Amino acid sequence: MTALPDLSQSVFSHEEIVALLSVVDPQDVEAVRAAAEKVLLKECGNGVYLRGLIEASNVCRCDCHYCGIRKSNTKVRHYTLAQNDILLLAQQAANLGYGSIVIQTGERQNKTFLDALEKTIQLIKTETVSDALPQGIGITLCIGEQTEETYRRLFKAGAHRYLLRIETTNPVLFSRIHPADQHFETRVHCLQRLKKIGYQVGTGVMIGLPGQTIEDLANDILFFKEQDIDMIGMGPFIPHPDTPLGGVACPDEATRLHLGHMMIAATRLVLRDVNIAATTALQALDPAGRERAFRFGANVMMPLMTPGEAREDYNLYPGKPNLKETNNDYQVSFSAFLNEIGRTLGQNQWGDAPHASRGGGNSPPFSS
Ligand code: SAH
């Protein structure tokens, strides 16, 4: 068994991160968890911020080997939400005090789609301005790899954060889980482009992929740091039966769930002042899995706002929970849960990561 590293330090080596991720003894898990919570409270405070998740379209040009909405999955019933529906959801999010929304779609690069999205973002920004949100609701985009020009247009339209998961930083594993026309380097370039334009940039990985090692996951965390990332969204890999990785052996559910929480704690200890989301995939494996993430250093919650039917069709992986997270009872009970663990619901705030305004970490500004 590896000894735990000094948990009060702020710089961790690869070997030390591997040790953090390897803990299984309940006392050690608790020590790592408590240290992550302490860093979170010191660096980011006790607020938990909400981003209403709007899955605006499940049409995708990619064929990722793990993803349920991949192009080759002929069982997918395609949809694209109308502009007006998205506007109503954004308004609902603002009324609920969310402060921010995330617009997520499959990867689409056609002009009509992107033009409409640009317009939608502009409208959301003007229509959600209120005394509570003088600059309108915060908008995060998660729409995959795009050209620099597209990223710029959408930034100018009013989006200010962008999520693009690197999925894994092991290039061999990356090429094993993606078709030959998708490249690790392209993703890295996209992340750097987004940063250069001025977005707050989020990335993340899937945890427990077939063939992925603890050493890979430790490298993932070091990559987040090197790339000066502001936000992290990561969760356990969940095999989808209608995909090529559906039947490939991977760690069991309990291991993936445990590693999901340990990745959050270790990322908090290493990156310190970033935002980390408690993702839905944690809940797909355990009804309490997402809430538990807040005790391991997560501080962002993304209530699902996608309307009824579309929700089922945005089926990245099986077992996605179908909760009515936008009703008042849910919000009251979530808020009560947070109070119980010494946290508060940050309402009517964008809830940007302190890291984003601190001018970054160790990396030099990216050149073009
Ligand atoms: N087109 C957007 C959105 C992709 S879906 C983009 O490229 O960013 C959002 C995330 O879901 C993916 O980045 C991936 O990490 C995750 N995901 C997809 N399939 C999954 C699976 N089977 N298990 C767990 N997570 C999955």
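Which polar backbone atom is 2.8 Å from a nitrogen atom of the ligand? Select Ile238: the polar backbone atom belongs to this residue. The pair is a polar contact, meaning N or O atoms within 3.5 Å.

Before moving on, note that this is a predicted model, where local features need pLDDT of at least 70, side-chain atom pairs count only at pLDDT 80 or more, and totals for chains, interfaces and linings use all residues. Residues are numbered from 1 along each chain as its sequence is written, and side-chain values use heavy atoms, with hydrogens and water left out.

**Stop 1**

Next, Tyr66: one of its backbone N or O atoms is 3.0 Å from a nitrogen of the ligand. The protein covers 93% of the 560 Å² of accessible area (Shrake-Rupley, 1.4 Å probe) that the ligand has on its own.

Now show the shell, taking residues with a heavy atom within 4 Å. It holds 17 residues, and the closest include Arg165 and Glu167. By class, 10 are nonpolar, four polar and three charged.

**Stop 1: α3 and α4**

Select residues 83-95 for helix α3 and 111-127 for helix α4. Helices here are DSSP runs (H or I) of at least four residues. Their axes, lines fitted to C-alpha atoms over the stretch in contact, come within 10 Å and cross at roughly 30° on a scale from 0 to 180 degrees.

Six of the contact residues are nonpolar, three polar and two charged.

Notes:
Helices (H or I, at least four residues) and strands (E, at least two) are DSSP runs, numbered from the N terminus. Ala, Val, Leu, Ile, Met, Phe, Trp, Tyr, Cys and Pro count as nonpolar, Asp, Glu, Lys and Arg as charged, and the others, Gly among them, as polar. A polar contact is a pair of N or O atoms within 3.5 Å; within protein, one must be able to donate a hydrogen and the other to accept it, and residues adjacent in sequence count only if both atoms are side-chain atoms.
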